[in-house]
Amino acid sequence: MVEATVTQIAPLPNDYDTSLFHYPIHLEVLHFQDTCASTPGVLLDDTGNVVGLWLPFPLFHDGKPIYVGIPVSMIKPVLEQLQQGFLPKEPRLLDVLLETVSKNDATSFGVPEGITGRDYVRVAEVSCTHQALEAGDFLLRHGSKSISKLSDLYGLTQERVNLSIMRASIEMQLEVPTVTMAAYLVDRAVWFCGAQLETPYPPLHFTTRKLYSRIWISEILPGSPAEMYGLPPSHFVTGVNDKLTEDLDSLIREAAVLPEDQYCQITCLSRVGVQTTVALKPNMRDFKTVELRKKEDCQGWLYREL
């Protein structure tokens with residue numbers, strides 16, 4: 001048992017490392033005066049009631065590790081449904097990055113002086129596939145419920161939600177689509193000529209102009225054909241020879257018919273749309289095409305040579 005003082009409940013910062021495959025968003029966490037133990041546990045108040053979960057994860061901000069807890073109010077609605085024998089609906093979320101703005105700073109962010117007086121939730125970034133909200137929008141209400149903190153948006157289950165927002169000092173009503181948590185999971189990867197290819201992972205949705213394909217080069221093995229011929233990491237693969245490759249399935253089909261020890265053309269696009277074409281000679285004997293799929297129980301990966 002370790003004593004710790006909660007100093008604030010605040011969102012995680014959005015300026016994350018884009019090399020991370022997973023990053024929690026829309027999350028208000030407990031910050032502490034003293035660093036707690038790095039092992040998971042529960043947080044108790046003075047009377048012994050569980051008020052939070054201690055789930056440390058390896059994130060860094062300004063070069064320092066983040067150690068936080070999750071308020072139990074975030075998961076309580078789901079636990080209550082389970083206790084009543086109901087299987088909760090799959091949680092959904094807005095496909096944007098959000099930040100809170102204090103009432104003292106609201107006017108500097110464009111909120112008219114006459115309606116300030118509370119904290120606000122503001123859209124910091126939108127996914128490149130999102131088409132309703134814009135960066136800079138203030139979320140005012142979800143239905144009749146006022147929005148002043150991130151937790152006011154917990155528990156969404158509808159495919160579309162009605163939001164009152166403020167954009168450029170004008171209040172308006174929007175029907176906004178939501179996405180499931182499954183949209184943020186990386187559950188498949190392909191090794192091709194020593195390059196690890198996968199569907200674009202979550203941070204890319206907020207740091208690229210658009211998703212040019214569903215194939216992202218996340219790693220290049222040293223000594224592989226991909227490294228030898230200069231296949232660029234952190235790029236989208238959009239074509240093999242004269243064939244478009246929109247996803248991993250289309251790339252697998254094209255890789256299967258490539259002749260051994262003959263050059264092929266791999267077309268790639270950067271995050272900002274700059275095209276690179278690489279002439280690459282596969283070495284299928286030493287660098288086979290391999291598919292990895294996450295197991296249904298999420299405990300490990302299934303390996304299959306193609």
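This is a predicted model: local features need pLDDT of at least 70, side-chain atom pairs count only at pLDDT 80 or more; totals for chains, interfaces and linings use all residues.
Me: What percentage of the residues is buried?

Reply: A residue is buried under 20% relative accessible area, exposed over 50%, and partly exposed in between (1.4 Å probe, protein chains only). Of the 306 residues in this protein, 41% are buried.

Me: How many helices and strands are there?

Reply: Both are DSSP runs numbered from the N terminus: helices are H or I with at least four residues, strands E with at least two. The protein has four helices and 24 strands.

Me: Which residues have the most contacts inside the largest nonpolar core?

Reply: A nonpolar core is a set of buried Ala, Val, Leu, Ile, Met, Phe, Trp, Tyr and Cys residues joined through side-chain atoms within 4.5 Å. The largest one has 23 residues, and Phe192, Leu197, Ile217, Leu231, Val237 and Ile266 have the most contacts inside it. Several elements give two or more residues to this core, including β16 (188-192), β21 (264-269) and α4 (248-256). The greatest contribution, four residues, is from α4.

Me: Which residues does Phe192 touch, leaving aside its neighbours within four places in sequence?

Reply: Contact means heavy atoms within 4.5 Å. With those neighbours set aside, Phe192 is in contact with Leu197, Leu251, Ala255, Leu258, Ile266, Met284 and Thr289.

Me: Against which strands do the buried residues of α4 pack?

Reply: These residues are Leu248, Ser250, Leu251, Ile252, Glu254 and Ala255. They pack against β16, β17, β19, β20 (243-244) and β23 (290-294).

Me: Where is Ala168 found, and is this residue buried or exposed?

Reply: Ala168 is in the loop between β13 (160-167) and β14 (170-177). Although not a glycine, Ala168 has a positive phi of about 55°. Its relative accessibility is 68%, so Ala168 counts as exposed. Ser234, also not a glycine, has a positive phi near 55°. Ser234 lies in the loop between α3 (225-228) and β19, and is partly exposed at 36% relative accessible area.

Terms used. Residues are numbered from 1 along each chain as its sequence is written. Side-chain values use heavy atoms; hydrogens and water are left out.
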